[in-house]
Amino acid sequence: MKNSSVYTLFFVVIFLTNNCLADILFLNFNRNTSAVKAAQRAARTRGERLIVLPPSPRPRDYKLNPDQLTSELENIRRQHIVISSVVFSGHDGGGFFSGHDGTIESFQVNRIMRDFPDIAASVKTLVLRGCYSATLNQVQEGSSWRQAFPNLHLIAGWEGRAPSSERQSSKEYVEDILTLAPQLVAAADATQVTRLYRQIGLYDTTHNAAWIRTCQDSFYMRSEDAAHNRDPFSFSDMSSLCSSKRSEFEEKKQIIESYFYAVDDAHQNPPSNTSSSELRSAYSMLRQWEHCLKPEYLGALADSPMLNPDMIIRLIFFKNVAGNFARLMDLPGLQAAIGAFWTPPMSPLTLPDFRHATRAQVNHWITSLGEFTAQAQENFSHLPVLEQTPEKFRLLAKLRLAYSLSNNILHRLEPEYLPFSWVEPGSTTQSRLRF
Amino acid sequence: MPQVFLEAVGPDIDLNLIESQNEYQLKPYQVKQHELPAAETRDLIFEQAGLSAYITDLDQLDLDLIYLNIQQLEIKQLEIKYSHFPRHILLATRHLIHRNSLQKRRREK
């Protein structure tokens with residue numbers, strides 16, 4: 001026997017040994033008898049039992065919702081049942097399962113499983129029978145499913161629309177993926193993963209996909225790749241691919257930063273051509289590769305506020321943002337507040353024409369407004385108590401608020417305060433806060 | 001050298017003492033306030049809603065602008081802005097975007 005075969009056999013035995021006396025839990029949201037029968041056959045092959053919820057006969061008013069699942073898991077725990085695999089079967093997907101008999105979302109499952117750490121830890125296989133249920137987003141590290149069941153070795157489902165449960169391709173996928181799970185997890189390499197995946201009946205007739213963690217690596221196998229006999233996508237490849245993008249991310253960050261801080265004459269304003277510019281290209285690159293923006297791939301760079309797409313959109317359309325700021329904020333009131341606190345030797349502060357000012361000028365003005373406000377507050381605190389009138393206090397508050405909002409809206413381009421619609425000229429949407 | 005982020009308002013004076021209106025109540029600054037989902041999620045929503053066929057050859061920014069507009073504008077405004085998209089597809093996209101936002105909010109609770 002070849003070494004790889006011995007190796008495979010060893011891990012199949014380990015996988016089955018770990019799962020001895022284990023059961024498959026089938027959450028049937030849509031009265032889906034065909035998939036249940038398919039899972040039943042797989043359980044028989046694996047030497048396991050199948051627990052189906054809702055139970056048969058279905059109790060009156062039974063709904064497979066978070067409360068019911070919690071109560072069912074309590075029963076399972078009481079009976080010391082070990083769950084090796086969980087099948088979710090229902091409408092839709094994308095982390096959301098629903099049907100005649102209830103609705104549940106992946107983040108709710110994640111919350112519930114925190115109260116059942118032993119059951120969560122025993123689950124090695126997850127089958128998600130629903131549309132868009134096993135996209136890269138759903139299976140990647142940090143997803144709700146991966147958090148809910150920390151020891152998963154396999155998540156299988158669909159990365160596109162799933163076939164109806166009555167379709168042969170659906171039944172075969174559920175049965176075969178459960179049956180083949182131990183071998184897939186024990187695969188020695190990517191080529192073997194593809195070879196095993198091709199054993200799933202009718203696998204190439206739908207857009208199914210599976211995340212598989214072997215001892216060597218984690219893979220993402222798509223039916224399309226298997227059909228063309230291509231190796232699955234390797235997550236360790238992704239790590240090296242993302243790391244190789246570091247210099248490009250740094251370069252784009254520098255471009256964004258240059259316009260954000262308006263560092264020199266060449267960057268005193270974001271490019272006037274918003275349809276085609278280095279800033280726009282930086283945005284596109286960032287969105288295309290944003291799955292790399294994780295500390296494990298790029299370290300601290302991943303958390304840079306300069307790489308926040310919500311902010312960059314507003315930077316690209318800064319001219320419109322500044323125009324809307326000028327129209328929708330009480331600038332005469334601000335000018336009056338500034339006037340009320342100006343005393344020599346403070347530098348006089350005038351408002352720029354926001355519609356025509358450059359970003360460099362606006363940034364500079366905000367810094368000056370901050371300094372002016374700090375000085376105004378200092379002067380106010382030294383006034384005799386009788387001169388600290390409510391009116392003056394109100395003006396000081398307005399000044400502080402104006403500084404804060406100008407800073408958050410015009411400088412930081414903070415979505416919390418700067419409505420998205422301000423990227424278009426003539427917006428009628430007010431900021432959450434006004435001065 | 002670029003300046004550091006300016007300090008967010010950290011009121012030394014209690015603005016609420018002098019103004020009771022909500023407009024003077026400030027929330028703490030959040031470093032990242034994501035409005036946009038991952039590009040993959042956005043594309044998935046567009047595909048599920050049947051919008052993908054109408055938005056070929058658009059770059060990432062265009063797609064994000066469409067997402068944010070559909071999320072925030074009224075259906076009548078959307079029909080004017082995107083007259084080449086069928087109304088039922090705009091409605092379906094809007095529904096999926098709002099569902100996604102709702103899920104995200106619940107997740108963050």
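Contact here means heavy atoms within 4.5 Å. Helices (H or I, at least four residues) and strands (E, at least two) are DSSP runs, numbered from the N terminus.

This is a predicted model: local features need pLDDT of at least 70, side-chain atom pairs count only at pLDDT 80 or more, and totals for chains, interfaces and linings use all residues. Residues are numbered from 1 along each chain as its sequence is written, chains are lettered from A and ligands numbered from 1 in the order in which they are written, and side-chain values use heavy atoms, with hydrogens and water left out.

**Stop 1: the domains**

Colour chain A by domain. The bounds come from an automatic or database domain assignment. Domain 1 covers 2–233, domain 2 covers 240–316 and domain 3 covers 318–423.

**Stop 2: backbone details in the loops**

Select Arg31(A). Its phi is positive, about 50 degrees, although Arg31(A) is not a glycine. Arg31(A) sits in the loop between strand S1 (22–28) and helix H2 (33–46) of chain A.

Go on to Pro54(A). The peptide bond from Leu53(A) to Pro54(A) is cis, with omega near 0 degrees. Look for Pro54(A) in the loop between strand S2 (49–53) and helix H3 (66–78) of chain A.

**Stop 3**

Two packed helices are described by the angle between their axes and the distance between the axes. Axes are lines fitted to C-alpha atoms, for helices over the stretch in contact, and angles run from 0 to 180 degrees between N-to-C directions.

Show helix H12 (residues 246–260) and helix H13 (residues 278–288) of chain A. Their axes come within 10 Å and cross at roughly 135 degrees. That angle makes H12(A) oblique to H13(A). The scale is this: under 35 degrees is roughly parallel, over 145 roughly antiparallel, 65 to 115 roughly perpendicular, and the rest oblique.

The crossing of H12(A) and H13(A) is left-handed. In a left-handed crossing the near helix is turned anticlockwise from the far one by less than a right angle; clockwise is right-handed.

Now show side chains. On H12(A), pick Glu248(A), Phe249(A), Lys252(A), Ile255(A), Ile256(A) and Tyr259(A); they meet Glu278(A), Leu279(A), Ala282(A), Met285(A) and Leu286(A) on H13(A). By class, this contact of H12(A) with H13(A) has eight nonpolar, no polar and three charged residues. Ala, Val, Leu, Ile, Met, Phe, Trp, Tyr, Cys and Pro count as nonpolar, Asp, Glu, Lys and Arg as charged, and the others, Gly among them, as polar.

**Stop 4: H12 and H15**

Ile256(A), Tyr259(A) and Phe260(A) in H12(A) meet Met311(A), Ile312(A) and Leu315(A) in H15(A). The contact of H12(A) with H15(A) has six nonpolar, no polar and no charged residues.

**Stop 5: domain 2 against domain 3**

Zoom out. The C-alpha centres of domain 2 and domain 3 of chain A lie 29 Å apart. Domain 2 gives 13 residues to the contact and domain 3 gives 15. The buried area (accessible area, 1.4 Å probe, that two parts lose on being put together, summed over both) is about 1100 Å², with 61% from carbon and sulfur atoms. Which residues of domain 2 lose the most area to domain 3? Select Phe260(A), Gln268(A) and Arg314(A): together they make up 54% of what the domain 2 side buries.

**Stop 6: H17 and H19**

Show helix H17 (residues 331–341) and helix H19 (residues 390–411) of chain A. Their axes come within 9 Å and cross at roughly 120 degrees. H17(A) and H19(A) are therefore oblique to each other. The crossing is left-handed.

Finish at Pro345(A). The peptide bond from Pro344(A) to Pro345(A) is cis, with omega near 10 degrees. Pro345(A) lies in the loop between H17 and helix H18 (359–381) of chain A.
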